[in-house]
Amino acid sequence: MNNTVPRRQIFIKKEFQGRFILGAFALILLSGLCSALLIYWMTGGDLQAQAQSAHANIVNATERLGISIMIGNVVSIVTAGAIAVAGVLYGSHKIAGPLYRFETLCREVGDGNLDTVTHLREHDQLQELAASFAAMVGKLRDRRDQRQRLIAELNRQIGLCALNNGNDLSTTQHETIAALANLAAALEKLDK
């Protein structure tokens with residue numbers, strides 16, 4: 001299917017995309033909270049002590065605050081990065097695994113194995129695609145079975161025609177029966 005019309009709907013799988021968006025938003029919030037707590041923990045005591053002192057040293061406070069902010073942000077970025085990598089690995093596994101499975105299933109069906117069954121883990125994505133794929137393979141299997149039954153009936157009819165009329169057939173009728181038999185044989189080869 002060649003679709004050249006640009007996609008107008010951004011949310012295709014709303015639940016799946018919503019979980020990813022909420023995960024990214026939660027990661028940003030966690031990163032900010034981690035940074036704020038680290039800065040508070042590192043500078044809170046010093047700033048409080050200097051505020052109570054009669055001789056507050058502003059230069060020391062800004063230097064201390066700058067280092068605390070830098071350390072807090074580095075720790076926050078490393079933490080958020082590690083969580084993001086773990087989340088992306090987990091999320092992509094839920095998609096990449098089924099895609100790999102469909103890749104092998106397509107290869108099997110392409111090779112003529114219509115007895116293959118589509119199974120995904122319960123919480124994997126693409127469950128609807130798996131159901132559609134299973135239905136498609138089921139329909140192809142039914143058509144193959146029906147074609148095999150029709151070929152068997154064609155062969156039976158050819159055999160009966162040749163057997164019942166035997167020598168009473170003209171050369172043209174013999175050639176027609178032979179052509180039909182060759183056609184039935186060629187159809188049987190398609191199923192193998």
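## The lining of the largest pocket

Let's start with a pocket. Sorted by class, the residues lining the largest pocket are eight nonpolar, five polar and two charged. The pocket belongs to a predicted model, and its volume is about 410 Å³. Of the 15 lining residues, those closest to the centre are Arg-19, Phe-20, Gly-87, Val-88 and Gly-91.

Which helices supply at least two residues each to this lining? They are helix H1, spanning 14-52, and helix H2, spanning 58-110. The largest share comes from H2, with seven residues.

## The overall fold

Now step back and look at the whole protein. It has four helices and zero strands, so reading along the sequence gives the pattern α-α-α-α. Among contacts between residues at least 6 apart in sequence, 60% join residues at least 24 apart.

How much of the protein is buried? Buried residues make up 19% of its 192 residues. The accessible surface comes to about 14500 Å², and carbon and sulfur atoms account for 63% of that surface.

## How confident is the prediction?

Because this is a predicted model, each residue carries a confidence score called pLDDT, which runs from 0 to 100. The protein averages a pLDDT of 76, and 79% of the residues score at least 70.

Which element has the highest mean pLDDT, and which has the lowest? Helix H3, residues 127-165, has the highest at 84, while H1 has the lowest at 74.

Is Val-137 buried or exposed? Its relative accessible area is 1%, so Val-137 counts as buried, the cut-off for that word being under 20%. Leaving aside neighbours within four places in sequence, Val-137 is in contact with Val-109, Leu-114 and Thr-116.

Thr-118 lies 14 residues from Ser-132 along the chain, and their C-alpha atoms are separated by 9.7 Å.

## A residue in helix H4

Finally, look for Leu-190, which is found in helix H4, residues 171-190. Why does Leu-190 count as exposed? Its relative accessibility is 63%, and exposed means over 50%. Leu-190 and Arg-144 are 46 residues apart along the chain, with their C-alpha atoms separated by 9.8 Å.

Conventions
Residues numbered from 1 in each chain as written. Predicted model: local features only at pLDDT ≥ 70, side-chain atom pairs only at ≥ 80, totals over all residues. Heavy atoms only, no water. Buried < 20%, exposed > 50% of the residue type's maximum accessible area, 1.4 Å probe, protein only. Contact = heavy atoms within 4.5 Å. Areas by Shrake-Rupley, 256 points an atom, 1.4 Å probe, with all protein chains shown as cover. 1 Å grid on protein atoms, 1.4 Å probe; cavity = no way out; pocket = protein on both sides within 12 Å on 5 of 7 lines; lining within 4 Å. Points joined across faces, edges and corners; volume = space filled by probe spheres on them. Nonpolar A, V, L, I, M, F, W, Y, C, P; charged D, E, K, R; others polar.
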